[in-house]
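Dear colleague,

Please find below the structure that I am handing over to you. My findings follow it, and I would be grateful if you would read them alongside the coordinates.

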Amino acid sequence: MKCVGCGVELQYDAADEVGYSPKKEALYCQRCFRLRHYDDPVYSKRFGIDPRLVLQGIQNQEGVLVLVMDCFAIEESLEQPFLQEFSGREILLVLTKRDILPAEIEEEKIVKMVVKKIRSKKLPIQQVFFHSVKLNLGNEELINYLYQYPLGTNFIFMGLANAGKSSLLNQLLEMDTLTASCYPGTTLSFSKLRKDGYTFIDTPGMEIRASYVMEVSESDLKKVLPNKTLVARNYQLYSPQSYFIGALFRMDLTPTERASATFYFHDQLKIHRTKLEQANDLYRRQKGKDLKPCLTKDLSEERNVEKGKDKVDIVLPGLGWICLSGHFQEIKLYLPKGIEVYTRKAIL
Ligand SMILES: Nc1nc2c(ncn2[C@@H]2O[C@H](COP(=O)(O)OP(=O)(O)OP(=O)(O)O)[C@@H](O)[C@H]2O)c(=O)[nH]1
Ligand SMILES: [Mg+2]
């Protein structure tokens, strides 16, 4: 018997191991039960799922692959090596969590950006959909498209951890059976769901390489992962300044003339601004105090960013992005080891 929330095989003996349930008649494992009722992740599985087994499981399934991608995390999603495994197979792309991106962002711009990157990876994407569970957006369009396939088709929903696969399936199939949570690694195994003559398969998320999602402690995740529409916080710069996002990231900006930095992050995530010459001292004194959340790692990696006259976004995977406008003599980033940042043409 499998847990209907996360797909793992239920067991009734080992309370500390996955799949445990104290009750033989239970439909959910204890972890899913606690996640669903108390938002208690019990134990972390963000590094606990073997990506090779997941990939093998997906490869072994016949059917249409539905690649589920958080539209707020396109850069890092497209850099994940697992995508190469699917070159040649028919893929539908669903960009989830549309509500997190400001409404004024042109979807066409995002689609263009995604398609360009996907083409360079030789992934044959058939169609791109936007979806939002919160806005109840994109459901009908997606289901109508899927129902054009012959009866009996399998749809395999796959993607990075936390991309929103289980939430999407719950909404698409008008149910609340699958467990969804902000803790990456919620779905532990494959779940097959049947509706209207089709089979929909939920899969465990792939580990997200080089993202804050995998580094921020489970107890801080809620405070940093955006869960509603991002609101811009804009700063004008006339002189060299340092910006901290909690103790997760530092950026030193030396403008040559008037410039601006606009931050798109969770509204609870504090941005500290200081004079450049005071930044080292601030970090030393306030890390974990005023500057929080912080990681166990320091901001030991430095990176310089070159910028021309066009606006650019500096994307911090899992957290958000900063749009820089104006001319700068120097843009310097300080990151924890293992985190990758991306720059792109500004999307707003
Ligand atoms: N704002 C917003 N949040 C969403 C949306 N869809 C999913 N989420 C949130 O994203 C987080 C991850 O959702 P899941 O459905 O568990 O994601 P998953 O891809 O199944 O994750 P794993 O099972 O860990 O691979 C949860 O906190 C959801 O509430 C959406 O449309 N909008
Ligand atoms: Mg899931």
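In which sense do S12 and strand S15 (residues 328–335) pair, and over how many bridges? The two strands are antiparallel, and 4 bridges connect them. Within this pairing, arginine 303 stands opposite leucine 333 in S15. Please bear in mind throughout that this is a predicted model.

The sheet that contains these strands

S12 and S15 belong to an open sheet of 5 strands, whose order is S11-S8-S9-S15-S12 and whose pairing is antiparallel. Its edges are formed by strand S11 (271–275) and strand S12 (301–304), each of which pairs on one side only. On average, neighbouring strands in this sheet are turned by 20° against each other, direction ignored. Helix H8 (residues 279–286) packs on the sheet, where it touches strand S8 (241–245), strand S9 (249–255) and S11. The direction of H8 makes about 165° with that of S9.

Strand S10 and its partners

Strand S10 spans residues 259–265 and is mostly covered, with 5 of its 7 residues buried. S10 is joined by 7 bridges to strand S7 (residues 231–237), and the two run antiparallel. In this pairing, tyrosine 235 has alanine 261 of S10 as its bridge partner. S10 also pairs with strand S14 (residues 320–325), again in the antiparallel sense, over 5 bridges. Here serine 260 has serine 325 of S14 as its bridge partner.

The annotated domain

UniProt lists residues 258–347 as "domain: NOA1/YqeH-like C-terminal", in an unreviewed entry. In the model, this span is 9% helix and 43% strand. The C-alpha atoms at the ends of residues 258–347 lie 21 Å apart.

The surroundings of ligand 1

Which residues are the closest to ligand 1? They are Ser166, Ser167, Ala180, Thr187 and Gly205, from a total of 24 residues that surround the ligand. Helix H6 (residues 165–172) gives the most to this shell, with 3 residues. By class, the shell around ligand 1 comprises 12 polar, 8 nonpolar and 4 charged residues.

With kind regards

Definitions and conventions: Residues numbered from 1 in each chain as written. Chains lettered and ligands numbered in written order. Predicted model: local features only at pLDDT ≥ 70, side-chain atom pairs only at ≥ 80, totals over all residues. Buried ≥ 20, exposed ≤ 12 C-beta atoms within 10 Å, placed from the backbone. Pairing = 2+ DSSP bridges. Near = placed C-beta within 6 Å. Nonpolar A, V, L, I, M, F, W, Y, C, P; charged D, E, K, R; others polar. UniProt positions renumbered as here; feature names shortened; annotations may be inferred. Axes fitted to C-alpha atoms, helices over the stretch in contact; angles between N-to-C directions. Contact = placed C-beta atoms within 7 Å.
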